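Let's take a walk through this model together. Have a look at the fold below, and then we'll start from the inside.

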Amino acid sequence: ILYLVLNQLELSQITLERINNVITKEFEPKFEQIQKQVEDVERAKLTLQNDALFKVFQAYETKLELQAKKWEKKFYNTIKFGFPLAILLGIIPMIFTQVEFLDLNLWFIKIIIIAVTITLSTYFLRRSIHIRKQSDQMGQFSFEMDALPSFMSSLDKEKSDEVTLKLIDKYFGREIH
């Protein structure tokens, strides 16, 4: 009986070694391939989930760019019409030299036009620069959002959760200027 038990143990050991060889040669490469495909599917899933958020940032960036261009146009129009008007008012007294009270009023109007032109052009330019900075920031955020799924898929679950918490503060916990 002992001989039969030892013989069976030996056969079992040989069978186990053959099964391990088959697993090592046949199944391990398949498991690695399946693992890579699962990671690719997870990356694609993250990309799809991130796509809506990316589009929001990108749309807001476009909106801000259009607003900045509008304010720039107002700046240029103010300069284009304000200073020539002030110069024109400087030429008019030369034409009408016989009327003295007109000269004082024209200088007063000229100073007001120059002051209003400088004030408005400064305001429009500052507003345009401020909105352009916001647009650039949204562009950076949308770029980062586009690259985020690839980065997140390379992390393990614990690190991914930690990074997600930090990113929530970065993208959604900002103060509005």
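**Starting from the core**

The largest nonpolar core here has 15 residues, and Phe57, Ile131, Met138, Met145 and Leu148 are those with the most contacts inside it. A nonpolar core means a set of buried Ala, Val, Leu, Ile, Met, Phe, Trp, Tyr and Cys residues joined through side-chain atoms within 4.5 Å; buried is under 20% relative accessible area, exposed is over 50%, and partly exposed is in between (1.4 Å probe, protein chains only). Helices H1 (2-95), H2 (100-153) and H3 (157-172) each supply at least two residues of this core, with the largest share, 7 residues, coming from H2. Helices are DSSP runs of H or I with at least four residues, numbered from the N terminus.

This is a predicted model, so local features need pLDDT of at least 70 and side-chain atom pairs count only at pLDDT 80 or more, while totals for chains, interfaces and linings use all residues. Residues are numbered from 1 along each chain as its sequence is written, and side-chain values use heavy atoms, leaving out hydrogens and water.

Now pick out Leu148: beyond its neighbours within four places in sequence, Leu148 is in contact (heavy atoms within 4.5 Å) with Asn50 and Leu167.

Next, find Thr117 in helix H2. Is Thr117 buried or exposed? Thr117 is buried, because its relative accessible area is 4%. Leaving out residues up to four places away in sequence, Thr117 touches Thr78, Ile79, Gly82 and Phe83. Its side chain also reaches the backbone oxygen of Ile113, at 2.7 Å.

Notes: A polar contact is a pair of N or O atoms within 3.5 Å; within protein, one must be able to donate a hydrogen and the other to accept it, and residues adjacent in sequence count only if both atoms are side-chain atoms.
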